[in-house]
Amino acid sequence: KPYFEAMGYQYHFVENGHDIAAVNEALSSAKQVTTQGVVVVHVKTEKGKGLDIARDHPYKLHFSMPFDPDNGASTNPVPPGKSYLQVIDRCLHQFIEQDKSVYAITPSTPYASGLEGLLKQFPENVIDVGMAEQHAAGMAVGLSMQGKKVFLCYQSTFMQRAMDQIFHDICFTNAPITILASRSGFAGFDSATHHAIYDLSYLRGLPNLDIFYASSSYELEAILKKRVEHADKPMIILHPYEILRESDEGSAVELDISKSEVLSSGQDGLILTVGNRIETAEALQAELKSIGQDVGVVNVRWLSPLDEVTLLSAMSAAGFVITLEENVKPAGFGASIAELVVDHELPVALVRVAIEQDYVKAGMKDDLSALCGLDVDSIMARLKRRGILN
């Protein structure tokens, strides 16, 4: 109350925000004095009031798909398979268990960052700062300055809230912090503002920041181990909010993640893809093969700095190059390849498949891919319009 009154505001507080009569009375009182200036009505409520599972689980109703109110069990079909979050949970558990200088930080999204179980197991090393993305980045820098190995865990959906801290506090100081950004790309049924389809564009120009896109559990585990063993500058590791691809089943293997992964080569053309569009790239490759086009596929992995040696070598032998990304077209991955083509005067036809600069409605990945022209049929039609295919 003194805080608001010091600014000249009138202040009304409702202790029990679930008492409708008390809320109505406070609003009526505020309405009577609005001509005298700003009025603040402070209403205290409990999320999920009256539902035990909400009271017992502080994150349960922050966002939830349909569930059974009697037991909290989800009634929404869950795709079978392992997730990237399980890999993060397993790796960070191992890191912290072996080295107490390892810290993980999240701004109120442990359930979406692979940290929910770790919060209980390692309360001193896994920190939920609340819904404060900016503070999470600042705290990560403070711990890093004390010699701690910090993993800063965001949903890429919300990471733009900390853009200033990433730019000013992390990148400018060249702090050896590892940012783990889940849910890169389409974000399902939250809302048009929740899709993380702008991150490649706004991150790519930041100095000192390496950008790695993990497309498999092997890649994610390998880059995490590399970072915990040695980190001398900032890095962001992006991954989709999806189950792991079927081809990513089996035991972990030693993996050279220092360069792009050439999945296959082709004599006619080349598909360069970000990790969350590999399945599209492979389906497109098969469709092109059915009409006699021999096209290779490269999983790019490093979005900044680009693996120019591998990419230039692959593109120099291609008649046409297609870039795939689940990001807006301006300043994204395809734009970086266009710059590479221009700077090195490569005689290739370049087709950038990306989302036009706009907001995208909520929905399933397959539906949104078709809506935004990222599906195989749309790409094939575009290649014909460009005259690349007869």
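Against which elements do the buried residues of α6 pack? The tour below leads to them, with residues numbered from 1 along each chain as its sequence is written. The model is predicted: local features need pLDDT of at least 70, side-chain atom pairs count only at pLDDT 80 or more, and totals for chains, interfaces and linings use all residues, while side-chain values use heavy atoms, with hydrogens and water left out.

**Helix α6**

Select residues 133-145, which form helix α6; helices (H or I, at least four residues) and strands (E, at least two) are DSSP runs, numbered from the N terminus. From its first C-alpha to its last, this helix of 13 residues reaches 19 Å, close to the 18 Å expected (1.5 Å times one less than its number of residues).

Next, colour E133, A136, A137, A140, V141, L143 and S144, which are buried (under 20% relative accessible area, 1.4 Å probe, protein chains only). These residues lie on the same side of α6 because they cover an arc of only 165° around the axis, taken from the directions from the helix axis to the C-beta atoms.

**The surroundings of α6**

Now display β3 (102-106), β4 (126-128), β5 (149-155), α7 (156-159) and α8 (163-171): the buried residues of α6 pack against these elements. Just after α6, select G147, which takes a positive phi of about 90°.

**The cysteines**

Finally, select C91 and C153. The count of disulfides (pairs of cysteine sulfur atoms within 2.5 Å) comes to zero. The sulfur of C91 is 12 Å from the closest cysteine sulfur, that of C153, and therefore too far for a bond. C91 is buried at 0% relative accessibility, and C153 is buried at 1%.

Notes: Buried means under 20% relative accessible area, exposed over 50%, partly exposed in between (1.4 Å probe, protein chains only). Contact means heavy atoms within 4.5 Å.
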